Amino acid sequence: MSWPWNPLVVLPVFTLCFLVARLVPRELAGSSELRLFLALLIVPALLYLFLAQRHWVRQLDELQRRIHLEGYVAALAVILLVVFTLHFVQKAGFVVPSLEFIDVVALGYVVGFVAGVFFARRRYL
Amino acid sequence: MSERSLLLPKPPWFTHPVLGAAVLGAGLFGTNLLLEAVQGGSAPLRLAVVLVPVFAFLFWVWTLATWYKMADEMWQRILLTAWTYSLVGSALGALVLHYVQRAGFFPPADYPTLEYWGDVLPYSFALGFLIGWLRAKRRYQ
């Protein structure tokens, strides 16, 4: 595997950009352009991560690829379900615990993906 | 490539994903209206209304899963690709919106992103699905 797609390069680069974007405070001194630039650092980082993931998936054989794609689809279903539910619970006037949307996406992604891969593996292997 | 594989699978009408999407759309739209109507109502009533889109969503997922299982190899691949694009589009949009808001830009900090995304997510999902669908179709057909 060539070095730009090596997980040992991809994951630290993504984590670094993620942390920089996350640590940008609203009150950061300096120009608004700088804040926007730092916040949008997540875009190239995410695109890099997605491209790397695509590269990794393409290295897999047909069956493993299907298992991974079904895992991603399960992650999508979990994210949508949780977001819709919390959205309407909040709209109905109930207090949703201090949960940021991004936490929902991250948690839903991990839980959904792991569950999807688990069930797909049980089905195909 | 057989003639059949060029066609969309034809599921029974009650498991058709278009029906599932229509039920979901009606559920989301109707719940918004219902929530305004029951504003100030009892907690169990409001909670019952909240469950409407959840069941509509589960029905929609069930129709999609049925459709996927009925599809042939090529269509399964197209659908998986399209859904993966939806996930990527939604996650990318969510993260960008989140960090732009954290940096003090749109949407305003007092506008909860959870509420915002409940309104926006269906469209980002649909757009991602459409792009993935078109790309996969061009690639496989």
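Is A:Trp5 buried, exposed or partly exposed? A:Trp5 is partly exposed, with a relative accessible area of 23%; buried means under 20%, exposed over 50% and partly exposed in between, using a 1.4 Å probe and protein chains only. This is a predicted model, in which local features need pLDDT of at least 70 and side-chain atom pairs pLDDT 80 or more, while totals for chains, interfaces and linings use all residues. Residues are numbered from 1 along each chain as its sequence is written, chains are lettered from A and ligands numbered from 1 in the order written, and side-chain values use heavy atoms, without hydrogens and water.

**View 1. A tilted ring pair in chain A.** Over all chains, the whole structure holds 16 aromatic pairs (rings of Phe, Tyr and Trp, the last by its six-membered ring, with centres within 6.5 Å; planes under 30 degrees apart are stacked, over 60 edge-to-face, the rest tilted). The planes of A:Trp5 and A:Tyr48 meet at 35°, so this pair is tilted, with ring centres 6.3 Å apart. A:Trp5 sits in the segment before helix H1 (7-23) of chain A and A:Tyr48 in helix H3 (residues 42-59) of chain A, 43 residues apart. Helices here are DSSP runs (H or I, at least four residues), numbered from the N terminus.

**View 2. A ring pair between two helices of chain B.** Now look at B:Trp83 and B:Phe129, a tilted pair with 6.4 Å centre to centre and 40° between the planes. B:Trp83 belongs to helix H3 (residues 73-102) of chain B and B:Phe129 to helix H4 (residues 113-140) of chain B, so the pair ties together parts 46 residues apart in sequence. B:Trp83 is buried at 6% relative accessibility, and B:Phe129 is buried at 18%. Both rings belong to a cluster linked by ring pairs, whose members include A:Phe84, B:Trp60 and B:Trp133.

**View 3. Where chain B touches chain A.** Each chain brings 51 residues to the contact (heavy atoms within 4.5 Å). Together the chains bury about 4,700 Å², 73% of it on carbon and sulfur atoms; this is the accessible area (1.4 Å probe) that two parts lose on being put together, summed over both.

**View 4. Charges at the chain contact.** Two salt bridges cross the interface of chain B and chain A (a side-chain nitrogen of Lys or Arg within 4 Å of a carboxyl oxygen of Asp or Glu). B:Glu73 forms a salt bridge with A:Arg66, with the closest N and O atoms 2.7 Å apart.
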